[in-house]
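Here are some exercises to work through with the sequence and model open beside you. Try each task before you read its solution.

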Amino acid sequence: MLDDNVCQLVESLWIESISDLNNILAVKPETITLKTIVEAEAALLEIASDSKSSSEAEKRFHSLIPHQKAFVVDLTNNRRILVDKLDLCQMLRDMVSVNELTNWNIKASVEAKCRALKCHIEPLKMIQMNNKSFVYFYSNEQVIIHQIYSVAKQTDTLNFRSTLFNQKQFFHGSKYNNFLGILSRGLLMPKVVVNNLGVVRTDIGCLGYGLYFSDSASTSLKYTTPSVTRPDRRLLCISQVALGESAKFYSYTSNLTQPPENFHSTHGVKKNDENNSKFVDDEYAIYNLDQQRLLYLVELSWIPHDNVNQSSILLPIIRDNLMNQSKSLSGELNVPLTIEDEVIQVAEQDYGLICPSSGQLIPLKGFHIRAQLVDVTAEVVLYQVYHNTSTTPIEAKYVFPLDENSSVCGFEAHINNKISKGIVKEKEQAKREYREAIEKGHGAYLMHQEQPEVFSVSVGNLPANCEVIIKITYVTELSIENNDIIFCLPAKVASWQSKQVLEMQNQTVLPSVNLEQDNSSMKSVEFSLKASVRMPYEIEKLFSPTHRLRRKITDCLAMIEFIDNVLLEKDFILSVTLKSVNLPRLLNETYVSFDTNNNNNRLANENSQACMLTFYPKFEIVNNANEYVEIIFTIDVSNSMDGKHVQQAKQLAHLFLANMKTDGRNILFNIVTFGSDNDECFPISSPNTKENIDKAKYFVLHSLDHRGNTDLFSVLRQYSLLPSSSKPSRQFILLSDGHINNLKSILILLENQSSMRHHRLFACSIGDTSNKHNLRQLANGTNGGGSTTIFDSNYRSRWKLKVLQIFEHVGQPCVTNISIDWHGTIDNQQEKFTNQAQKRIRSLFDGMFLTVYRFIRNCLKATLTATINNQEYVTTVFSNKITDTKGRILHCLTARAIIQDYENSLLHDDECENELIKR
């Protein structure tokens, strides 16, 4: 049972943190998401950098974190408040983390609140306090000690550099309401060097960007504030600090971000008669968090600042009622008897120009497709001619499918000898301008993506009895299947996707008219498809398994066209087999734009060049019958996974179990469900027999939901202490929404723990609000390799294919630590857009290929470095004259890759820095 003093401490920290937030914010704290907090922190750092957009950043911050009027201040001209706002964001982060267990319920039991802090707190008895070495600290201080607590955090103990010499126990002071975060996640480095903000406080950044400690309680007490719920009580940390070799300073050096060379820390020496130091007190600063760990928490009053005569106030405490809790759980638990593999029936319909009210196609008169394939890229131009047979102007929608590797780069509409060309605008602005144009009687067009893989174009004021020519240009990255490059053109779009797009109301002025087209008229549609093919190596085979082709092949070049010019009734697939598909290659492209009035007039820009590096490794996989593969399925059942997401995770786990095969290997597996605590299906990993798989399915089915915080660290820590009999080491398959606590500690564990260095982690993203940044960080943080797969609930028909692909990668050799040295000219003025994309390269397994893009001029070669089976390989890739092109395919795909890096927050390890880079 928790000690009464600990209960009072935890309750007071909880009440004060939530009360402070309620007083400051104009919205309930629980409505603010972690993503919003990250964006708000980035806005504050933008203000701190004195950028030209400070006023816009300030508006953005207050819109993200709405304040009560009394707390809205000018941040641009009041730099001191800027630090308080950063502290506010950190408090919000802490509250989001710890309240995952209690669902923001201030009436939750004190045991639940204490568990949420993820640390062990125990009061020292008086005899212990008298015997501890820190008693001498207080001999010359005017303080009254009420209680000293021993604090143990597993992450602090694991990460602390215990081998570094010159270790001492020092004080660290902070505001009372900051200690909820300090106990839950430990001390943090400041986000901003305080001195740069012109703030007047005793730790004004005199030793730069570090974490400050003192050997004097009165010095550290200057940074504390008394409690509101327990008047005139303050808190101080006592930490074990590994100073190592400490550099002495006698004057302020506020630009330090690390200690001087050959030193581990800095010491601002206190002024005395023998020196001319500027430091009023002794100050010590460290610049790495692994040089400190929290040992004790001191509850005290500071004379004469606090009134020590008033009696202590006891807060009301709610304790766990274990019997009621178990009854409540059993009463609320509603688990279905079975989780069947979901059968997906995908109805399909033709895509094209459609009336929203009826869903009928506007009569199509002509359809022509022109494509240009260059290695694993393609540019496709669709020309479609429609005829509005209605007697009144109407609005119609053009609906067409694109896979996730495609991007639209051009849209034109030709009506009555007029050409309307699409331009990119912010989505809501574009919709607003479209409505305004329709209301004024003008013709207007709106193209947008409301559903994944489905684009739509709204054609407003389509005149009666006239023709319209729609021209869509898009670029795409091709897939590689069984060593063949595959180009696919879809003939249908799923009807549920089309229905959702058609139901979107962009205007209410024009009518929608039912227009029908029978099958006989569809057969009369004029249709053609032609494509050119340019490959880096000799083409061995080129064919279509779906349609008859007329072909002409010359070494690396080819031309194709349809023999039967009949409208597509099924997907068109083109397969290209190369002589050397597994060799890495480099493509260069010089940008060329087209004159809208004359397609033959090409305008080249020699200063704009884009490159694509393709890497498609091939491994010889030899399975040893005596070799084991150990798979640990870890299923997130924390509170952040609401009922729908937990159910999806269980269905996905069932799909994994149903498709787990040996494939010539012996498999050991286990299931772990985790939240604040965790449960295992088996005491140790067990063979994948039918009996064990059935037990695992039953375990997943009946596992409890809503189990508090997302404490993945404890699960991985437990397995780091157990030896693995598999080779390569353990394979973790994580099913989660990515809202994970202690991410940094997990990454340190994966990197530094010797038993974890060869483990792999395959992250499966669950839910539409998942934190993909965290999941990719985890997958990239494993030295043995890993990957992140998104399981979209809208595309459950593809889940099985993705599951089988993960099983293929389990136990395979893997390429990791991939880096590229580009030999070319970078435009420094556009540095933000000249980084390679993907910037952070994932692991590669057999059958996966990697394309990396970059805006760079005169790049004739690139050096590729990678690690395979703990051996480093270096190869230089040269560009090929055959595939050096002029156009815009690579430019569009490079821009798309950069945007994806921005959207997926893959530009920096720190989420806040990611948001700042985006700006």
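The protein has 21 helices and 42 strands; helices (H or I, at least four residues) and strands (E, at least two) are DSSP runs, numbered from the N terminus. This is a predicted model, in which local features need pLDDT of at least 70, side-chain atom pairs count only at pLDDT 80 or more, and totals for chains, interfaces and linings use all residues. Residues are numbered from 1 along each chain as its sequence is written, and side-chain values use heavy atoms, with hydrogens and water left out.

**Exercise 1.** Work out how the axes of helix H14 and helix H19 cross.

Solution. 
- Step 1: Find H14 at residues 643-658 and H19 at residues 799-809.
- Step 2: Their axes come within 10 Å and cross at roughly 55°. Axes here are lines fitted to C-alpha atoms, for helices over the stretch in contact, and angles run from 0 to 180 degrees between N-to-C directions.
- Step 3: H14 and H19 are therefore oblique to each other (under 35 degrees is roughly parallel, over 145 roughly antiparallel, 65 to 115 roughly perpendicular, the rest oblique).
- Step 4: Look at the contact (heavy atoms within 4.5 Å): Gln-648, Leu-652, Leu-655 and Phe-656 of H14 meet Trp-799, Lys-800, Val-803, Ile-806 and Phe-807 of H19.

**Exercise 2.** Find the strand order of the open sheet that four strands form, and its edges.

Solution. 
- Step 1: The order is E38-E37-E40-E41, with antiparallel pairing (two strands pair if DSSP finds at least two bridges between them).
- Step 2: Strand E38 (844-845) and strand E41 (871-878) each have a single partner strand, so they stand at the edges.
- Step 3: Eight bridges join E40 (residues 857-868) to E41. Among them, Lys-861 is partnered with Phe-878 in E41, and Thr-865 with Val-874.
- Step 4: Two residues lie between the strands of this hairpin, where Asn-869 takes a positive phi near 50°.

**Exercise 3.** Are Asp-375 and Asp-555 buried or exposed?

Solution. 
- Step 1: Asp-375 lies in the loop between strand E12 (364-374) and strand E13 (377-388), while Asp-555 is in the loop between strand E25 (549-554) and strand E26 (557-562).
- Step 2: Check phi, which is near 55° for Asp-375 and near 55° for Asp-555. Most residues other than glycine have a negative phi.
- Step 3: Apply the cut-offs: buried means under 20% relative accessible area, exposed over 50%, partly exposed in between (1.4 Å probe, protein chains only). Asp-375, at 0%, counts as buried, whereas Asp-555, at 53%, is exposed.
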